[in-house]
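Me: I'd like to go through the wording used for this model, term by term. Can you set each value against its cut-off for me?

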Amino acid sequence: MPHRYRHSRAMGAAVAATAALLVAGLSGSASAGTAPAGSAPTAAETLRTDAAPVALLSAMQRDLGLDRQQAERRLVNEAEAGATAARLRAALGGDYAGAWLRGAESGTLTVATTDADDVAAIEAAGAAATVVRHSLADLDAAKSRLDRAATGRDTTDAPVRYVDVRTNTVTVQAVRPSAARTLLDAAGVDAGLARVEKSAERPRPLYDLRGGEAYYINNSGRCSIGFPVTKGTQQGFATAGHCGRTGASTSGANRVAQGTFQGSIFPGRDMAWVATNSSWTATPYVSGAGGQNVQVTGSTQAPVGASVCRSGSTTGWHCGTVQQHNTSVTYPEGTISGVTRTTVCAEPGDSGGSYISGSQAQGVTSGGSGDCRSGGTTFFQPINPLLQNYGLTLKTTGDGGEDPGEPEEPGGTWAAGTVYQPGDTVTYGGATYRCLQGHQAQQGWQPPNVPALWQRV
């Protein structure tokens, strides 16, 4: 009874915190995301969905079959649903089994739980509830066992592994199902946890020509800038690790000397960063359709089912949806883990380029299969782990509005530039806050100012 009592109190707090967001954010109203005067900012306001550029909205319309208003409402709904799911995740604790979005405008948020007693509270928060057998923690643990079992093995016939929250399974995509079953047996993963999906796809890094704005490596291969970054006073950009090794030199699309790879990991992960010389300046933009600037205002992770768009020098702007986070994929060069699987198409030459959801940076293009004529699957290296690994700060435009101001008692352990993961706690202004959604902190996003990202505890 004591555990259930504490759990119920936490659920009640989550419902209270999210109810107002759901009324506006998932109703599909054109004014969603606009908070009454004097109230806390909505998630859509915090993440500046109103700043979505025309190029991004146009690509969403083309690739997701939307009109302009549907694309705008989808971005609002995704921001609000992400905040709602994050609060419910914190409240559900070990019962939480994932969340995902459905509908042309992402109007339905489903939250899965292993405890039927949670259903009423989830529904009271405006989300659809489903009761499943396995918690997300159990599925993640099973996938970790798969990844360990894959180490040192040839898994090219079972190249993709991920937790699929929609089916409540650990899914292995395999050219030969027997290869998947062999891997599952080696990992000791129970059949009830796993699903084998036959697929002819053999993902590979997207070498040759690269996405975003092009750059050349050692005056030879070509890749793409992911996101401009800084490290102290040093400027540079994030990109894919398979594009170049540490020490490799780069030149820009104009063939002017540009910089040097300071760090590169591939396989294992697919992350790298390049420090540029004084001739190059980091800007808070991604190159969009027709060369238009697409502004970057942060790095809040988009939920499963959310829209995401990619910039690539081979195929330009294309959009799709987030399928799974924390995916492992085996390329001919080896296995990488922790990437995100998407329905966005890409082709050789799009590697290293930018994935963005609304104005929130998501990651850099790693690899995939298919093409932009028949469709395909792509994977991106999430940006937040990359920033954290190399101690980089994402270049952003800020909140795009007036400074929301400091609380009366600033100070504490919160720090701009730090990458926070869900569940991390900080102190600020004499209070303690828990992180709800993964992001890199920036000025103006102090915990009291951004309830979509932080919950006071």
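Me: Why is arginine 48 called buried?

Reply: Buried means under 20% relative accessible area, with exposed over 50% and partly exposed in between (1.4 Å probe, protein chains only). Arginine 48 has 17%, so it counts as buried.

Me: Before we go on, what am I looking at?

Reply: It's a predicted model, where local features need pLDDT of at least 70, side-chain atom pairs count only at pLDDT 80 or more, and totals for chains, interfaces and linings use all residues. Residues are numbered from 1 along each chain as its sequence is written, and side-chain values use heavy atoms, with hydrogens and water left out.

Me: Is serine 106 buried or exposed?

Reply: Buried, because its relative accessible area is 1%. Serine 106 sits in the loop between strand 1 and strand 2, and has a positive phi of about 50° without being a glycine.

Me: And what makes threonine 377 buried?

Reply: Its relative accessibility is 9%, so threonine 377 gets the label. You'll find threonine 377 in strand 22 (residues 375-382).

Me: What joins the side chains of threonine 377 and glutamate 201?

Reply: A polar contact of 3.4 Å. The term covers a pair of N or O atoms within 3.5 Å; within protein, one must be able to donate a hydrogen and the other to accept it, and residues adjacent in sequence count only if both atoms are side-chain atoms.

Me: Which residues does the largest nonpolar core have the most contacts through?

Reply: Leu109, Val111, Leu146 and Val189 have the most contacts inside this core of 39 residues. A nonpolar core is a set of buried Ala, Val, Leu, Ile, Met, Phe, Trp, Tyr and Cys residues joined through side-chain atoms within 4.5 Å. Helix 6 gives the most to this core, with 6 residues. Another core, of 31 residues, lies apart from it, with Cys309 among its members.

Me: Where is proline 267 found?

Reply: In the loop between strand 13 (257-265) and strand 14 (271-276). A cis peptide bond joins phenylalanine 266 and proline 267, with omega about -5°.

Key. Helices (H or I, at least four residues) and strands (E, at least two) are DSSP runs, numbered from the N terminus.
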